[in-house]
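Here is a short briefing for a first look. Start with the display, then read the points below.

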Amino acid sequence: MGSIAGHFYIKIIIEKIFSLDLDQYRHLSKLKYVLNTTGPRLLTNLYNILTEEEKKDIYIIPTKYVTPFTVKQARLFVNGYRGEELKKCLKEAYAVHYFLGTWLADEEEDL
């Protein structure tokens, strides 16, 4: 994420995060807890309640530039597969999300 200073959407996100009643999410798995309280589900839900006029002031980067792989494709790539399908996905990519979830795996090992 990137933003100009003082952008209204970032303000909405920050205010929402600090006003959440986290007890209502405690029954969720760690993954769902994070997705709903600070992750993409929270951001998507907040975006979806914006007016069409407000949405015009937000640029959502097309996935082909930052998340060109599906979860399945990312797993293949991480495991060394380099087929033409994956090479095509990378043609216009500036970044790649590998969906590794290392923050989740590391904590589960500590349990």
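Leaving aside neighbours within four places in sequence, which residues is Ile58 in contact with? They are His7, Phe8, Tyr9, Tyr47 and Leu50; contact means heavy atoms within 4.5 Å. This is a predicted model: local features need pLDDT of at least 70, side-chain atom pairs count only at pLDDT 80 or more, and totals for chains, interfaces and linings use all residues. Residues are numbered from 1 along each chain as its sequence is written, and side-chain values use heavy atoms, leaving out hydrogens and water.

**Nonpolar cores**
- The largest nonpolar core has 8 residues: Tyr9, Ile13, Leu42, Leu43, Leu46, Tyr47, Leu50 and Ile58.
- Such a core is a set of buried Ala, Val, Leu, Ile, Met, Phe, Trp, Tyr and Cys residues joined through side-chain atoms within 4.5 Å; buried means under 20% relative accessible area (1.4 Å probe, protein chains only).
- Helix 3 gives the largest share of this core, 4 residues.
- A second, separate core of 5 residues includes Phe69, Phe77, Leu86 and Cys89.

**Helix 1 and helix 3**
- Helices are DSSP runs (H or I, at least four residues), numbered from the N terminus.
- The axes of helix 1 and helix 3 come within 11 Å and cross at roughly 120°; axes are lines fitted to C-alpha atoms over the stretch in contact, with angles from 0 to 180 degrees between N-to-C directions.
- Tyr9, Ile12, Ile13, Lys16 and Ile17 of helix 1 meet Leu42, Leu43, Leu46 and Tyr47 of helix 3.

Methods
Buried < 20%, exposed > 50% of the residue type's maximum accessible area, 1.4 Å probe, protein only. Helix = DSSP H or I, 4+ residues; strand = E, 2+ residues; numbered from the N terminus.
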